[in-house]
Amino acid sequence: MSKGFNYRPFVVLAVLLAGWHWALGLHHVESDTLAPPGKVVAELGRLILDGTVLVAARQTLLATLLGLAAGSFLGTLIGLISGLAQPVALAIRGPVEVLRPLPAIALVPLMTITFGLGLAMEVYVIIFAVIWPCIILTQSAVRAVDPRLLEVADVLELSWLARVWKIVLPSVRPRLIVMLRFVGAIALLIAVTVELVSNPWGLGHQMMIAEEGFHPDRMLAYLVVITLMGWCLNWAFVALERHAFTPRLNAN
Amino acid sequence: MAAGQSIAFDDVGFAYGAIPILSNINFTIEAGTISCVIGPSGCGKTTLLRLVAGFIRASEGAIRVSGKVRTRPSRDVAVVFQDYQRALLPWRTAYENVSLALEAAHVPRAERRERIEVMLELVGLPNHARKFPAQLSGGMQQRLQIARCLAQEPSILLMDEPFGALDAMTRAVLQDELLRIQQKSALTVMFVTHDLDEALYLGNQILALKSNPGRLGRLVDVPLPYPRDQLATKEDPTFLHMRRELFSLTHGGHQG
Ligand SMILES: Nc1ncnc2c1ncn2[C@@H]1O[C@H](COP(=O)(O)OP(=O)(O)OP(=O)(O)O)[C@@H](O)[C@H]1O
Ligand SMILES: [Mg+2]
């Protein structure tokens, strides 16, 4: 890993942006879907100043994080219990295999009827998308815990809770953090998709309106914001991961 | 530390499915003694130890600890695993690894500190309390595992080739530490080893297993006095005589 600031991606980005600007300028394209980067930046500035983008971003982020938190908590809990108790694993295997392949987005109409449009519906769809990979990944992480450590727990007659808390959870922690990064991306994907498809709030919805009102600059400005949010989420999880994988070297 | 308990093997047999691993094991380990189990690789030494630990149940017969049939692991029987790297919690410091045994026994937090320090002192790791297992050498890791096992205050200590992967120097030091601790506490020790010299040096009694299926080859008492000494004991005529006598039994096992 290089220590200095890695500028290369930004150079590539700058070159692409310049190319984009130049291409549009050269051909005097008046497009409904494309706008030069200058206009996009100006529009983005305007949206930030009048606050619309912040409101929308907060809505999308809220739904993403709530869905992610609830879905991954439930999924991890179910994965832990079923990973430790074979009968539970067998009991839930059928339902999991039946429900898991169902695309979460297909639940939007059902959830809309049940919960109406708004935050709750979006969160439930995200939970549904996130919970299955969490169950499966946690289960396999628990099964990969070194049997020797479980024998240590047996010899010490640790209670079920102490066993989970002191042996199993620390063992699976690195895998759970990777899992979180993985399902974090899914959560944002689902949030934006739900907003694009139906839910009248958040970045996805704003982008939809901009597109329908023939405002390519505004649409692209929202795209930029969504991309930035994706980067930030990923960056947060990578930072968490790095923190978790760095051994605590407090030698005396 | 709790006084030792006896371990009685009453016609013990064990099979993995249809494959017999151990059969007709009959012998007794007296409370407060050291019994060493030797035998060729794959003859079932680890399996025998795991039966006593309670990780697996005998298919035939029974193992009795102070008269009670053994069915599951318990805190009064500590196990020193051969693969010490895997038996320590890598996310806990040496101090915290020993602490695990005390937490399991619900020792109040206020009492833990002193007892952990005593244990680390006992195994010669007082200056490494804040290090993680990965920062310790193999010998230190094994000593740490022993410290945790002793912190458990067992009456029986089961050891599976505990010093097998260590260099000769460390090994001799740990053998002497084990003898010292055992003499002081009257622990009952069951010690599995590949090494005949080690078995003779440590044991009150030697249990030589034969392969296919694992069964009792010979059971001999070692009449050497304690405390034992790395030089004097190993030059003792009794030691040399027994060594010669048992040599063919262990080494012949590889061909037969
Ligand atoms: N889980 C298992 N399933 C089936 N057979 C097994 C299993 N574990 C061990 N065995 C068999 O049991 C026999 C005894 O194994 P064990 O590990 O007790 O030998 P050992 O005397 O400890 O050998 P070593 O000195 O090499 O450690 C071996 O033949 C081995 O193949
Ligand atoms: Mg073995």
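**The surroundings of ligand 1**

Mentor: In this predicted model, the residues that surround ligand 1 are B:Y16, B:I21, B:S41, B:G42, B:C43, B:G44, B:K45, B:T46, B:T47, B:E161 and B:H194. Sorted by class, this shell holds three nonpolar, six polar and two charged residues. Helix α1 of chain B, residues 45–53, supplies the largest share of the shell, with three residues.

In B:S41, a side-chain N or O atom is 2.5 Å from an oxygen atom of ligand 1. For B:K45, the distance between a polar side-chain atom and a ligand oxygen is 2.6 Å. B:H194 also has a side-chain N or O atom 3.3 Å from an oxygen of ligand 1. The protein buries 58% of the 640 Å² that ligand 1 exposes when taken alone.

B:E161 is not a glycine, yet its phi is positive, at about 40 degrees. Most residues other than glycine have a negative phi, and most peptide bonds are trans. The position of B:E161 is the loop that runs between β7 (156–160) and α6 (168–185) of chain B. Because its relative accessible area is 11%, under the 20% limit, B:E161 counts as buried.

A:E157 is found in the loop between α7 (147–155) and α8 (160–197) of chain A. With a relative accessibility of 41%, A:E157 is partly exposed, whereas B:E161 is buried.

Chain B also contains cis peptide bonds. One joins B:N212 to B:P213, with omega about -15 degrees, and B:P213 sits in the loop between β9 (205–210) and β10 (215–221). Another runs from B:Y226 to B:P227, where omega is near -5 degrees; B:P227 belongs to the loop between β10 and α8 (232–235) of chain B.

To return to chain A, helix α6 (residues 119–143) includes A:I131, which is buried at 11% relative accessibility. Leaving aside residues up to four places away in sequence, A:I131 touches A:G71, A:L74, A:G75 and A:I78. The C-alpha atoms of A:I131 and A:T76 are 8.0 Å apart, although 55 residues separate the two along the chain.

Note on methods. Residues are numbered from 1 along each chain as its sequence is written. Chains are lettered from A and ligands numbered from 1 in the order in which they are written. This is a predicted model: local features need pLDDT of at least 70, side-chain atom pairs count only at pLDDT 80 or more; totals for chains, interfaces and linings use all residues. Side-chain values use heavy atoms; hydrogens and water are left out. Helices (H or I, at least four residues) and strands (E, at least two) are DSSP runs, numbered from the N terminus. Buried means under 20% relative accessible area, exposed over 50%, partly exposed in between (1.4 Å probe, protein chains only). Contact means heavy atoms within 4.5 Å. A residue is near a molecule or strand if one of its heavy atoms lies within 4 Å of it. A polar contact is a pair of N or O atoms within 3.5 Å; within protein, one must be able to donate a hydrogen and the other to accept it, and residues adjacent in sequence count only if both atoms are side-chain atoms. Accessible areas come from the Shrake-Rupley method with a 1.4 Å probe; for residues, only the protein chains shown count as cover. Ala, Val, Leu, Ile, Met, Phe, Trp, Tyr, Cys and Pro count as nonpolar, Asp, Glu, Lys and Arg as charged, and the others, Gly among them, as polar.
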